[in-house]
Amino acid sequence: ALAVKDPTAVERANLLNMAKLSIKGLIESALSFGRTLDSDYPPLQQFFVVMEHCLKHGLKVRKSFLSYNKTIWGPLELVEKLYPEAEEIAASVRDLPGLKTPLGRARAWLRLALMQKKMADYLRCLIIQRDLLSEFYEYHALMMEEEGAVIVGLLVGLNVIDANLCVKGEDLDSQVGVIDFSMYLKSDDDIGGKERNVQIAAILDQKNYVEELNRQLNSTVSSLHARVDSLEKSNTKLIEELAIAKNNIIKLQEENHQLRSENTLILMKTQHHLEVTKVDVEAELQTYKHSRQGLDEMYNEARRQLREESQLRQDMENELVVQVSMKHEIELAMKLLEKDIHEKQDTLIGLRQQLDEVKAINMEMYQKLQVSEDAMKEKNEIIGRLEDKTNQINATMKQLEQRLQQAEKAQVEAENEDEKLKQEYVNKSESLQKEFSQKEKQLLQLETDLKIEKEWRQTLEDDLQKEKETVSHLRIETQEIINLKKEFLKLQEKNRQLKRICQDQEAALQELASKLSESKLKIEDIKEANKALQGQVWLKDKEATHCKLCEKEFSLSKRKHHCRNCGEIFCNACSDNELPLPSSPKPVRVCDSCHAILIQRCSSNVP
């Protein structure tokens, strides 16, 4: 009941039944036809229409730039990525000139897949990848459900049919896909032809069996040919290797005779050489013991000097901390001085007091710098002594290295000779084996002695490296002290410059004070004159055509200047009296009679 109510399930069942009928009818009609099928064959056309409806079922609507698009070319194009053999079909479909729509490309793809007899394989690869199909189909589509797998299984039977379809000249874009149900209705002829269909099916089964046997025989023949070729090649190689091996055996026998004759001579030489090396090693051990005592004394002296230098370094660090704190105080005082310079006369007294404090601090810093320079001289002398001692130690280490290299060379030669003798004289008498065992013990003793010497040498090199690091640290500290000294000199120069600026500003303030006092006196005189000349009326511009003092006519070069108080008008040549005011950046012109400020006015004859 639920299946009947679900419309999508009904659609899937109907499409599956139609696919069964169309595939069955196509196979039966093709077998009765007995030739290769053309594109005009009606059952074949109906089969493509049914397959198109099956692929379109549940297809998602994809939004394009201009409209909504719903085509089966998208999922069929995926087959190219999943099945590499389908690349040829996809490329040929894209290269067809007459196809303009995706639906036409999909119809051409179905026809080419049928001609290749691989339509079932391609669609099976597509159905397996459900996650990729979900981008194109809804969850209830035929290709997403079990009906799709059934249809793919039915398509395997179409491999019996041979089709020769012309896709290039056919108009696949404008075809209308309508299912003709009249082809699938039963008739009386169909009932009478069942026996014939049974015979045809038996013949088809025999044909398929013969084709499969032919394929298997071809594959076995090709594999057998490949095996024969590989066996012939390996046989020729083995014959060549046999000849080479025989020649090598003859050469090895001759070399064996020569080596046996040479081994007797090498035994005598090695015995004599071992006796000589024993005497040399004993002498070198005695000299090494003496040199080791001297190196221990040198190492103790270097440790004592390092402790003294570490104490001096701590003292210097404390002094540096004090100097850095004083430097910060100086910087703060300089900032305060720069701010206070721009203030009024009241702040000058405070600046002088701060300058006195800075002078006292500078004297203390200078004294401390002298003390630090004396300490630096002492450290430089100590560093020179340490460098001399390190040079001596390096010379002794070079001598020891040379001796060790000689001993190592002798040991390597003895080891090489022993290894050769062991490999070549394993089958000799027991007396020779005892002698070799004794010599090996002696060599082991020598190796242990050499290892002990190498360890002592490594410890001495580590100590020397530590001393070099301490010397480099001391040099860095001296460089920092020199940099501090340069910074202190720069601060002294800045202090001198600030003092000069303070002196210049004090002089400028004194000059401004004198000018202000003069301007105040002149302003008082002007106020008194203004009180005396109150009540007078300004002269009109039209009436004032000539200057009152020089009696010349006003023009562009001789402009009018009007007095605020007395009302007199003068030219710019006659009104040369200027007075500086604190409120204006330029001096102003003053009347000759009342000493009031003149106002520039346009003359009447000038626009």
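User: Phe48, is that one buried or exposed?
Analyst: Phe48 is buried, at a relative accessible area of 5%. Buried here means under 20% relative accessible area, exposed means over 50%, and partly exposed is in between (1.4 Å probe, protein chains only). One caution: this is a predicted model, where local features need pLDDT of at least 70, side-chain atom pairs count only at pLDDT 80 or more, and totals for chains, interfaces and linings use all residues. Residues are numbered from 1 along each chain as its sequence is written, and side-chain values use heavy atoms, with hydrogens and water left out.

User: Ok. What lies over the face of Phe48?
Analyst: That's Arg111, at 4.3 Å from the ring centre. To count, CZ of Arg or NZ of Lys has to be within 6 Å of the ring centre and within 35 degrees of the ring normal.

User: How many aromatic pairs does the structure hold?
Analyst: Three. Phe47 and Phe48 make a tilted pair, because their ring centres are 5.6 Å apart and their planes sit at 55 degrees. Rings of Phe, Tyr and Trp (its six-membered ring) pair if their centres lie within 6.5 Å; planes under 30 degrees apart are stacked, over 60 edge-to-face, and the rest tilted. Phe47 is buried too, at 1% relative accessibility.

User: And Trp109 with Tyr122, what kind of pair is that?
Analyst: Tilted, with 5.7 Å centre to centre and 45 degrees between the planes. This pair links distant parts of the chain: Trp109 is in helix H6 (residues 102–116) and Tyr122 in helix H7 (residues 119–128), 13 residues apart. Helices are DSSP runs (H or I, at least four residues), as are strands (E, at least two), numbered from the N terminus.

User: New topic. How many salt bridges does the search find?
Analyst: The whole structure has 13, each being a side-chain nitrogen of Lys or Arg within 4 Å of a carboxyl oxygen of Asp or Glu. One of them joins Glu85 and Lys118, at 2.5 Å, N to O.

User: Which residue does Lys117 meet in a salt bridge?
Analyst: Asp162, at 2.6 Å, N to O. Lys117 is partly exposed at 31% relative accessible area, and Asp162 is partly exposed at 33%.

User: How far apart in helix H11 are Arg313 and Glu317?
Analyst: Four residues, so about one helical turn separates them. Their side chains meet in a salt bridge at 3.5 Å, N to O.

User: Which residues does Asn495 touch?
Analyst: Met334, Leu355, Val358 and Asn362, leaving out residues up to four places away in sequence. Touching, or contact, means heavy atoms within 4.5 Å. Asn495 is found in helix H13 (residues 430–532) and is buried, with a relative accessible area of 4%.

User: Big picture, how many helices and strands does the protein have?
Analyst: There are 13 helices and seven strands. The protein has 607 residues, and 30% of them count as buried. Residues 24 or more positions apart account for 72% of the contacts with a separation of 6 or more.
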